Amino acid sequence: MNKQVKLLTDTYNREHTYLRISLTEKCNLRCTYCMPSEGIPLTPRTHLMTADEVYEIAKVFVKNGVTKIRLTGGEPLVRKDFETVVRKLATLNVEIAITTNGILLERYFPLLRELNITNITISIDSLNSDKNALITRRNQFKTVWKNISLLQEHTEQVKLNVVLMKGVNDDEIVDLIKLTQHNNFIIRFIEFMPFDGNQWNTDKLVSQNEIITTSSNYFNAHNIIREKDKPNDTSRNYSVKGYKGSFSIISSVTNPFCDSCNRIRLTANGKLKNCLFSANETSLLDDYRAKKDILPKVKLAILTKLKARGGMDTFEKISDSKLHSDNRSMIAIGG
Ligand code: SAM
Ligand code: SF4
């Protein structure tokens, strides 16, 4: 095995090849499950990574085994110098992906196409405009849907993220799967996860089992095909027999996939999080600005990664609000 790759391998032998970079803490939506109603205190501009710093820090990870970078946020496309950032990262010779709420996609689509960035996931939680406005606290459904169609025109497959919440949008599971009959969509149902300020509780959770039961009852269990998952997939993949697209379930709460986790996260203010659920952070930006080598800190952060969900290794622990309130809100982590 390559000596450098080992530097990003943790004590459970998980190799970290996938870096998710949050480009901003800001967003043009206010999704209830992500952003606390009162907003979040924003990091002062001078403490956020510049385009050069994003690039230089990312370069260290790439040199040491990262092969894929996902740009996220906040909403990555609201970052004013998004074009500069993405052009720099595109020179790193790794796969670049992006997760976006889709509102500004039309503006940046020519750039993403020019850079050959086709791995674009759009988040949309309801097929109903009013319900979408309720969830996102903004009225942007038409624009997002138009941009999903734009993406569909130009790419083979479109990935859509849906966070399911009981009594809010769980009545749309079947309608969302029906979309995959004639469209090559992957509908990615995400279990609602607890983060600081998002009013999570187990009553609002729609579990993997419930999603499977609902889809099996409607389409008949024998028509639901369990598709093969890719290595390090965080989703379990399914399709309905004869349908063009597929659907998947990201069950971080009821059935996590920590054993094969290859992800690490860099927040917009340059902190490394070794797990989405970890309250511990390692500041890389301070060291970078002090002209210190950031690699020893990266290595230590990887070696101290816990086995599962930042230590919340049981359903009881993840359901305990005291244990997840030390973590950031999702908007400030970068999902
Ligand atoms: N703004 C972009 C977007 O919405 O796609 C990127 C950032 S967002 C934090 C990344 C993903 O995290 C989105 O698909 C969003 O639905 C998901 N997400 C946010 N909060 C979540 C939560 N509490 N539980 C599960 N997924 C969540
Ligand atoms: Fe913004 Fe994405 Fe969070 Fe919604 S999920 S508030 S679009 S960052």
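Start with the ligand: an N or O atom in the side chain of Ser123 is 2.6 Å from an oxygen atom of ligand 1, a polar contact in the sense of N or O atoms within 3.5 Å. The protein buries 95% of the 540 Å² that ligand 1 exposes when taken alone, with areas from the Shrake-Rupley method and a 1.4 Å probe.

Before going on, this is a predicted model, in which local features need pLDDT of at least 70 and side-chain atom pairs pLDDT 80 or more, while totals for chains, interfaces and linings use all residues. Residues are numbered from 1 along each chain, chains are lettered from A and ligands numbered from 1 as written, and side-chain values use heavy atoms, without hydrogens and water.

Back to the site. A polar side-chain atom of Asn198 lies 3.2 Å from a nitrogen atom of ligand 1, and a backbone N or O atom of Thr100 lies 3.3 Å from an oxygen atom. In total, 20 residues surround ligand 1, each with a heavy atom within 4 Å. β3 (95–100), β5 and β6 each give two or more residues to this shell; strands here are DSSP runs of E, at least two residues, and helices H or I, at least four, numbered from the N terminus.

Now the sheet. It is open, has 12 strands and mixed pairing, in the order β7-β8-β9-β6-β5-β4-β3-β2-β1-β10-β11-β12; pairing takes at least two DSSP bridges. β7 (224–226) and β12 (282–283) are the edges, each with a single partner strand, so one side of each has no neighbour in the sheet. β1 (residues 18–22) and β2 (residues 68–72) run parallel, joined by five bridges, and Tyr18 has Lys68 as its bridge partner.

Definitions and conventions: Polar contact = N/O pair within 3.5 Å; in protein donor to acceptor, adjacent residues only side chain to side chain.
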